Amino acid sequence: MKRRQFFGATAALAMSASLATMAVAEDKTYTIGVSIPSATHGFMGGLNWHAQDTIKRLEATYPNVKFVLATAGEPGKQVDDIEDMLATRNIDGLVVLPFESEPLTGPVKAVKDAGKWVTVVDRGLSQPGIEDLYVAGDNTAFGQVAGEYFRENLPSGAKVVILRGIPTTLDNERVDAFEKAIDGSGIEVLDKQHGNWNRDDAFTVMQDYLSKYPKIDAVWAADDDMALGVMEAIAAAGRTDEMWIVGGAGMKEIIKRVMDGDKQVPVDVTYPPAQISSAIEMTTLHFVSAAPVSGRFIIGSTLVTPENAAQFYFPDSPF
């Protein structure tokens, strides 16, 4: 399957480190734990696919590196997984995408306090500075790009609603950036509730919005799975022609709608699930090469329009 273009920076980093990698002795083995949410929605389905694909490839490339992959459908299970990795699997490093920020902060800090390398992906911890490496999409840009589109395409006095994700630091960053981008435009935010990046939850939230607000000009769904739930609720209410929707992440179904000029979904904003591949590869490079990989690796967000949608459309992708 073709990889998304956002992965190019990491591929280039891996290539530049190849000579250093060849010089590293393989008599020492390393175990890297990878803890991610289960495939509860489309984005996470794509992220799980990329994690498994990357682990398979890296284990074949580096015989002295082994991975322990665990997926969790709720924070308590993820905490148990990480504690088990530290206590019984003797991990040297951890790549973690927290299900929620607050409950995972303590367990991840315990891994770091034990002297292990920690890479945090996507959803930051509630205490900054614990991780050695942070890999994510640009959440501020994600909200800003969407907000700028609303500002440029809605008149003063337009009424919009927002669907938030799971309560996390990245959700706060996105919403804050969106609201800052529309500040002073005269656009009125009627409501903002958590749809938890879940299609069914978004359907329920949008039903509530539709029952409360007789006029809605646009919806910031802030996620493509939630956008699908929003569309279902709008269709059920017979209000399809009244408002347009902007989601985000780059789901192939949404990108196809944008590419085809669907007026209900005029644009999308990228946030690639392949970022987990970047995180796992860069963590592996820390152990097998001299390549410097600590710090922050932020992948930009792009506005997808009918004019450029084809370059973001991958019909064979799991997401």
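Two strands pair if DSSP finds at least two bridges between them, and helices (H or I, at least four residues) and strands (E, at least two) are DSSP runs, numbered from the N terminus. In this predicted model, local features need pLDDT of at least 70, side-chain atom pairs count only at pLDDT 80 or more, and totals for chains, interfaces and linings use all residues. Residues are numbered from 1 along each chain as its sequence is written, and side-chain values use heavy atoms, with hydrogens and water left out.

Four strands make up an open sheet, ordered β7-β6-β8-β9 with parallel pairing, and its edge strands, β7 (188-194) and β9 (244-246), each pair on one side only. Strand β6 (residues 159-164) is joined to β7 by six bridges, and Lys159 stands opposite Glu188 in β7.

A charge sits over a ring if NZ of Lys or CZ of Arg is within 6 Å of the ring centre and within 35 degrees of the ring normal; Arg174 has two such placements, tabulated here.

| Charge | Ring | Distance to ring centre |
|---|---|---|
| Arg174 | Phe142 | 4.0 Å |
| Arg174 | Tyr271 | 4.4 Å |

Rings of Phe, Tyr and Trp (its six-membered ring) pair if their centres lie within 6.5 Å, with planes under 30 degrees apart counted as stacked, over 60 as edge-to-face and the rest as tilted. Ring pairs link Tyr149, Phe150, Phe178, Trp220 and Trp244 into a cluster.

The predictor's confidence in each residue, pLDDT, runs from 0 to 100; its mean for the chain is 91, and 92% of the residues reach 70 or more.
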